[in-house]
Every structure is written in structure tokens, then in C-alpha cells.
Amino acid sequence: MSVVEMELHPNTESCATIYGPVPSRRHGLSLGINLGDPIHKICTWGCVYCQCGMGQRLVSNSILEAPTASQVLELFRAALAKNTVLDSVTLAGNSEPCSHPEFAQIVRQIVQIKTDQNAKWIFNCLTNGSELDQPGMAEACELLDECWIKLDCGTDDLFRRLNRPVDRIGNVREQVRRILKLKNRMIQTLLWNHADPRLANYSEPSLGALIELFREIQPQRIHLTTVSRIPAVLGIQPVAEQDLERYAERIRQVTNAQVEVYPTRVESF
Ligand code: SF4
């Protein structure tokens, strides 16, 4: 693979353990929970479009700098008491949530809080799915109301160059194998353009290869999104709404998935 020059944007890497509620395009008024280090992004992937910058890539399978489960839950309970009207509670933030060493315990306790309060908010997680091979991880993800797993690139070349996973994550086939561990499959796919075609995934053959992967995975739901915040790599551009809609139609022809399109509100970066 040839080396591609990337001009980086100095994005903010910090994110509080509890943030918001924020009005989310996909999840309504959402209280966010960041299970990573509040001051430093660390993730098993290093997506070129990440709004938290390049940060640090996590080689091992747990973030040691993360707040403990009891710290997270104490902060969460306090925030919940102050924010009684919510559409969702979302595990996301500046890092990969499933890399938290106590992820399953945190999920179980929040599910219990939701049950105890008879709350109506959707409990969801935005993840790249890279830790689904860890013991108990798939079971913990199935406890969520919605677990949205990333699948952006259909070819190994683009996956390595644009999602930039650490070596242990493997290739696209490995990503699909992990996704198939879940019964309730929800996929988030972000598409983007770039003047240098080596830095864009809105291109063939990746789009066609992704269609074949959707056919194999048969997700219940797919969120098709594009960039709407400042990406880690400069020059990344949103895909036009009509192009996202056209691609959504291609997916609908090969799956029974409910495909929802989320165009950007920002014209360019
Ligand atoms: S998986 Fe998410 S947090 Fe990790 S680099 Fe990609 S966009 Fe950023």
C-alpha cells in the first residue's frame, strides 16, 4: 500500500465522562457517556473522519486511563436526576466504549437503572465493534436497546487506510465475522468524498463490496451518514443527500433492512 499524505486538523480530543444532553441527528435529545480518558482520545481504530482527531490507537484490549465503573455510574445517576426528559442515553464520546475494562458491568447497571425508573429513553452504544471477540462482549451488547456498529469500507485496502485499525483487528472479513455474532444487527455507515480518491470511501469498488457485505449481514437497520463535524483529516467532504439516498436504494434492493439517511447540515470543511 502506498503512503498517502494526510493533512491533519488539530481537533479537540477531550470529552467529559458525562456530556450533554446534546441534540443528536440520529438519537434525539441524548445524554452522552464517554467511557474513555476524558482528556485524551484512544481507540482501536483511527478513522480519518473522526471528530476527535487522530488521538492514540489502542493496541491492547482495554483503556487503562478510563474512569472506573463506579465513577461512571455515580456521575450518570447525578446527570439523570438533573435531566428527566431524554430521548436516549448513548455510550460514545472520544474513545471506543467497548474497550472499557468494565463495559459489560456498566451496561448491566444502566439497564437496571432504566428498568427501576421505568424510563422510556433508548439506551444505545456507538461502537466500531472491534472488541466483539472479548468474552461476554456480544452478550453485553445484546442488552442494549440499540448497538450501532461501524462498517464504512468494503475493501481491505480502504479499511486499513481510512478506518486505520490496529493490527489485531484484522481485515474486513474479520469485521463482518464479529458483526455476525450479534442477533440484532444495526450498522452505521459513514460515507465521504475527498479530492484524493485514496482518501474517500464514496467510490467503487468499495460501495459495491459494501452492498455484498450488507447482503451477507442482513442487518435490521442501517444508518447511512456523512461527515457533519470537523474531521481528523482535512479535505474530507460530505456526500450529497441525493447520492446517499441513491445508495440507500441500492441497499434496500438486497436486504430487508430499514435504511435511514442522515445528510449533513454543513456544506464543506
Ligand atoms: S471508531 Fe469512532 S472514535 Fe474510533 S477513530 Fe473511528 S470515529 Fe473515532
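Two residues count as being in contact when their C-beta atoms, placed from the backbone, lie within 7 Å. Keep that cut-off in mind while touring this predicted model.

**Stop 1**

Select valine 48. Leaving out residues up to four places away in sequence, valine 48 touches Met6, Leu162, Leu199, Pro231, Ala232, Val233 and Ile236.

**Stop 2: two helices side by side**

Select helix α1, residues 69-82, and helix α2, residues 103-116. Two packed helices are described by the angle between their axes and the distance between the axes. Here the axes come within 10 Å and cross at roughly 30 degrees. Angles under 35 degrees count as roughly parallel, so α1 is roughly parallel to α2. The crossing of α1 past α2 is right-handed.

Show the side chains where α1 and α2 meet. On the α1 side, pick Ala69, Val72, Leu73 and Phe76. On the α2 side, pick Gln105, Ile106, Gln109 and Ile110. How many residues of this contact are nonpolar, polar and charged? The contact of α1 with α2 has six nonpolar residues, two polar ones and no charged ones.

**Stop 3: two cis peptide bonds**

Go to glycine 20 and proline 21. The peptide bond joining them is cis, with omega about 10 degrees. Proline 21 sits in strand β1, residues 18-24.

Then go to glutamate 204 and proline 205. A cis peptide bond joins this pair too, and omega is about 10 degrees.

**Stop 4: two positive phi angles**

Select asparagine 118, in the loop between α2 and β6 (122-127). Asparagine 118 is not a glycine, yet its phi is positive, about 50 degrees. Is asparagine 118 buried or exposed? It has 6 other C-beta atoms within 10 Å. A residue with 12 or fewer counts as exposed, so asparagine 118 is exposed.

Move on to glutamine 218, in the loop between α6 and β9 (221-226). Phi of glutamine 218 is near 50 degrees, again a positive value in a residue other than glycine. Glutamine 218 has 12 other C-beta atoms within 10 Å and is exposed.

**Stop 5: proline 38 and what lies around it**

Select proline 38, in the loop between β2 (28-34) and β3 (42-43). With 18 other C-beta atoms within 10 Å, proline 38 is partly exposed. Setting aside its neighbours within four places in sequence, proline 38 is in contact with Ser14, Cys15, Ala16 and Thr17.

Proline 38 and asparagine 94 are 56 residues apart along the chain, and their C-alpha atoms are separated by 7.6 Å.

**Stop 6**

Finish with glutamine 242, found in helix α7, residues 241-252. Glutamine 242 has 10 C-beta neighbours inside 10 Å and counts as exposed. Glutamine 242 and cysteine 43 are 199 residues apart in sequence and 32 Å apart in space.

How values were computed:
Residues are numbered from 1 along each chain as its sequence is written. This is a predicted model: local features need pLDDT of at least 70, side-chain atom pairs count only at pLDDT 80 or more; totals for chains, interfaces and linings use all residues. Axes are lines fitted to C-alpha atoms, for helices over the stretch in contact, and angles run from 0 to 180 degrees between N-to-C directions. Helices (H or I, at least four residues) and strands (E, at least two) are DSSP runs, numbered from the N terminus. Angles under 35 degrees count as roughly parallel, over 145 as roughly antiparallel, 65 to 115 as roughly perpendicular and the rest as oblique. A crossing is left-handed if the near helix is turned anticlockwise from the far one by less than a right angle, and right-handed if clockwise. Ala, Val, Leu, Ile, Met, Phe, Trp, Tyr, Cys and Pro count as nonpolar, Asp, Glu, Lys and Arg as charged, and the others, Gly among them, as polar. A residue is buried if 20 or more other C-beta atoms lie within 10 Å of its own, exposed if 12 or fewer, and partly exposed in between; C-beta atoms are placed from the backbone.
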